[in-house]
Amino acid sequence: MKELIARLKKQFKITDEVYQKPDQTYITVPQEQAVALVTHLRDYEGFNHLVLLTAVDWIEENLFQLIYLLNNNDFKADLGVRVMIDRHEATMTSIHHLWKAAATYQRELKEMFGIDFPGSPRVDEPFILEGWDNIPPYRRDFDTKKYSEETYFPRPGRTTHDPAEYMKKKLYPED
Amino acid sequence: MKEEFEKRIVTGPDGKQFEVDPMKDYFCEDRPQVHQPNSNTVIEKFMNWARSESLWILGFGTGCGAIEMRPLMTPRFDAYRYGIQWRPTPRQANVFVISGYLSVKTLKRVVRSYEQMQGPKYVVGLGSCTINGGMYWDSYNTINRLDYYLPVDIYIAGCMPRPESLLAGFEQLKKMIKAGECEGQNKYAENFDWYKANQKKIIKDWDMPDYNW
Amino acid sequence: MSDASIYRDKFPQKNPDGTNQIDLENGKFIKIWQGPNHPGITGNMSLELVIQGDEVMECKTHVGYLHRGFEKLMERRRFIQCFPICVRIAVPEPDFNEYCLSATFEELAGIEIPEAAQWMRTLLLEMARLQSFLMWIGGQAGSFGMGVIGQWSNYARDLVLDRFEEITGGRIYHMHMTPGGVRGLAPEGFEKRMEENLVEIEMIMKDIQTTMFENAVFKKRSIGLGYIDPSWVYDYGITGPNARAAGIPKDVRKDYSYLKYTELDFEVITGKDSDAYTRADLRRREIHSSIDLIRQILAKMPKSGEYMAKVPNVLHWKIPKGETYVRSECTRGEFGYYTVTDGSGYPRRINVRGPSYTHAVALMEKLAVDCNIADTAGLMVSLHTYPPEIER
């Protein structure tokens, strides 16, 4: 894996590489190089299986982390390509031309995170939700408990006795 | 509202043009009525007995509780020996088993299927999700209380209930029908406006008539 | 009438990208919805089919009827609280969820699980595979009109569920694997009772072999149905039996061996013809392979010993910042969890990679086109899709 990363570093601005497992590595690339790197990996390095494409919301840093997890079945290795994109203008180049399955992931990301992929097929159609009029639900600033209590007539009588809070007070007062 | 439900001009296969208003043309606008029991108690008792002994369940697996329906249909638990069987269409069914949580998208289809069923009809809420939301009590997409949207006759608690408890629940339902206590359909007709208001509160794109005949 | 488009051509015009040109207003096509309330659909999802005659011209998959927002709910639960809800993601085989989630947490927190727990997990995963395939074979037969196979195979599945109940106390949801190991080992006499059941299941499988796989109706309808070209496998992200039936030996158990699969003797089962019949036959052979693996595990696994590693206080457990992906081979293909932690007591993000995600949406939409409408149910079941893992 290290040789591969060294080879890639000659062409792409790769930072933050994490060797998580012998067969799993995560790297970060700038947004404008991401699709080029993913295409390069697919065409020349044999990473031809898109395992998943998803996003992580780092609301504190005002960033979305997109992750393209690619798999090379000949060398039995995974490479996670992280891309940090701005949270307010969340737009990313689509990769539906590389993998047919990617269009579905991008539809889900558009709906659940509000990350736009212009040009991806059926990206604007609702995928999971129907008639949703709030902010995209997987964003960290969407409070699912508050929404549920306001909308769905909670049955009265649910009281919470959280043992974790009690234990924290007794055992770990310093945290 | 979806595009296909809007008023528009259509050219037929023979070249003639005509106006279509799907919400008016395809659906009936009548409200459901309350059905009074037969004035002769002997006949009413006989009819309740007949209703209770043929529970035909709509085969609509709305949630994960549907996985226990398969063992219930097959030799180990065999619900058919109690006169319980599954039907593919709402027109032939009279028991609606809400098998677990309902997401908003499914609730719309469930309301529609329930209203299409022939009366007298009964609703069985299966699992703790139908009672108070169960473990999805804080989810943004599942309802918490089923009895705000459909008239529930009996709940079977558990997550998920075992086939034995389902059989016990159906036996209990039979007893209740024989005693004439399952009046969910009439309750729905009496409190129709309240149920509709609750349903419309959470189903944002309501594109069907108020009652689906 | 001058407009020629209304007359019935044998085939509709093609768009440049190979899809059919659909005009719903000209009376030539009918749009019908298969599902969510339809006996010919797996679980609670729907297919929007446009048909001409009885041939499907266009198919769109609609999911979301079972969406509960697991990934959001797990973000506001402690690590140990994720386990009761994560099993609900794939209902017929919840054990793969438990395994993947606990493996990601263990990896990020640096916990090694004891030997006996690894064997126990392997046993549970194989039993889950066996019961899921038994249920599937009933569904596949039922979708081609053979109801009796489902009666037999579900009886066999109940036998496996009894053994699950013996170990874990639950029929469907077990929640037996928690971070650090398992909640307990097999009770006394378990091997004997399991062996009795396995013998009975093998007898039932023999009957199913003769009544289903040698049945002329089943052969006629399933051979040639839903052909998956081997070149699509990477394009569409196809994994599991669907890829193996196309002759591509992809099996996570062999390729990325986890738990105790290195010490077990099995081979990757592949097919050649890549149609619905090959896939069904491949899964039948998988059942026998699974039975064989359970026998091997029971012979090799330790009967006693430490089964839980030392885990910090689970109600006050903080996992350091990191991210990882753990995969396992479930009955439908590659099942994996991608977990991100940020050093707090809650996971930052958990993403579930279900194999049905690609099979039911992109692949199904392609395969259903030009298929007879009566065969769409059989095609759908032969891909072995399961909706809750698509939408979570």
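Predicted model: local features only at pLDDT ≥ 70, side-chain atom pairs only at ≥ 80, totals over all residues.
Residues are numbered from 1 along each chain as its sequence is written, and chains are lettered from A in the order in which they are written. Local features need pLDDT of at least 70 and side-chain atom pairs count only at pLDDT 80 or more, while totals for chains, interfaces and linings use all residues.

**Exercise 1.** Find what span helix α3 of chain C should have.

*Solution.* Start with the element: helices are DSSP runs of H or I with at least four residues, strands are runs of E with at least two, and both are numbered from the N terminus. The expected span is 1.5 Å times one less than the number of residues. For the 15 residues of α3(C), 95–109, that gives 21 Å, and the end C-alpha atoms are 21 Å apart, so the two agree. Next, look just past the helix: G110(C) has a positive phi of about 70°.

**Exercise 2.** Work out which element of chain A gives the most to the side that touches chain C.

*Solution.* Count residues in contact (C-beta atoms, placed from the backbone, within 7 Å): chain A brings 33 and chain C brings 32. On the chain A side, β2 (24–29), β3 (49–58), α3 (102–112) and α5 (163–171) each supply at least two residues. The answer is β3(A), with six residues.

**Exercise 3.** Describe the make-up of chain B.

*Solution.* First, list its elements: eight helices and seven strands. Then take the box around its C-alpha atoms, roughly 60 × 50 × 35 Å along the principal axes. Finally, sort the contacts between residues at least 6 apart in sequence: 77% join residues at least 24 apart.

Definitions and conventions. Contact = placed C-beta atoms within 7 Å.
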